[in-house]
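Hello,

Here is the structure I promised to pass on to you. Could you open it alongside this message and follow along as you read?

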Amino acid sequence: MSNNAAYASAVREIWKTEAASRLVLDHTNAFYVRKDDRPKKGPAKDKPYILCEVCMDEPLIRSEMDARKEMMALALRKRGLTFDEMRIIPARRGMRQRHPFKDA
């Protein structure tokens, strides 16, 4: 299952109504599962740290996603995605024009 399909499915599970899930998906500009390449300290500094990032353009929808972040992380893990941390980040500049879930 691709990451975007897993994300869309998890959103539909968390936001039960079609209108609510459509609103969240329409304001999602990107969804990434990637390795965090920043230098780390401590005993686990050599262990890869995987981030799950959701880029959203609307502050109100971003705060709603933040309130349900742990439920989303659980739903994504249930769909086979593995990551250490989930982050919700604001869309800036050209990222605001991207809408990967417009037709989902």
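One term before the tour: a residue is called exposed when over 50% of its relative accessible area is open, and buried when that value is under 20%. Please also keep in mind that this is a predicted model.

Let me begin with helix H3, residues 59-67, where that term is needed at once. Leu-60 and Ala-67 are exposed on one side of H3, while the buried residues of this helix are Ile-61, Arg-62 and Met-65. Looking down the axis of H3, you will find these buried residues within an arc of 105°, so they line one face of the helix. An α-helix has 3.6 residues a turn, so residues three or four places apart point the same way. And what does the buried side of H3 pack against? Its buried residues pack against H1, H2, E2, H4 and E3.

Met-72, Ala-73, Ala-75 and Leu-76 are buried in H4. Around the axis they cover an arc of only 165°, which puts them on the same side of H4. Turned away from that buried side is a face with the exposed residues Glu-70, Leu-74 and Lys-78. The cover over the buried residues of H4 includes H1, E1, E2, H3 and E3. After H4 comes Gly-80, with a positive phi near 100°.

Now to the sheet. Three strands make up an open sheet with mixed pairing, in the order E1-E2-E3. Strand E1 (28-35) and strand E3 (85-90) stand at the edges with a single partner strand each, so one side of each has no neighbour in the sheet. On average, and ignoring direction, neighbouring strands are turned by 20° against each other.

How do the pairs of strands run, parallel or antiparallel? E1 and E2 run antiparallel and are joined by seven bridges; on this side, Tyr-32 stands opposite Glu-53 in E2. Strand E2 (residues 50-56) and E3 run parallel, with six bridges between them. Two pairs you can look up there are Cys-55, whose bridge partner in E3 is Ile-89, and Cys-52, which stands opposite Met-86 in E3. E2 is mostly covered, with six of its seven residues buried.

Two of the helices lie across this sheet. H1 lies across E1 and E2 and runs at about 120° to E1.

The axes of helix H1 (residues 3-14) and helix H2 (residues 18-26) come within 8 Å and cross at roughly 140°, and the crossing is right-handed. H1 brings Tyr-7, Ala-8, Val-11 and Arg-12 to the contact, and H2 brings Ser-21, Arg-22, Val-24 and Leu-25. By type, the residues of this contact are five nonpolar, one polar and two charged.

Ser-21, found in helix H2, is worth a click. Is Ser-21 buried or exposed? Its relative accessibility is 2%, so Ser-21 counts as buried. Setting aside neighbours within four places in sequence, Ser-21 is in contact with Val-11, Arg-12 and Trp-15.

Conventions:
Residues numbered from 1 in each chain as written. Predicted model: local features only at pLDDT ≥ 70, side-chain atom pairs only at ≥ 80, totals over all residues. Heavy atoms only, no water. Axes fitted to C-alpha atoms, helices over the stretch in contact; angles between N-to-C directions. Helix = DSSP H or I, 4+ residues; strand = E, 2+ residues; numbered from the N terminus. Left-handed = near helix turned anticlockwise from the far one by under 90°. Contact = heavy atoms within 4.5 Å. Nonpolar A, V, L, I, M, F, W, Y, C, P; charged D, E, K, R; others polar. Pairing = 2+ DSSP bridges. Buried < 20%, exposed > 50% of the residue type's maximum accessible area, 1.4 Å probe, protein only. Arc of directions from axis to C-beta.
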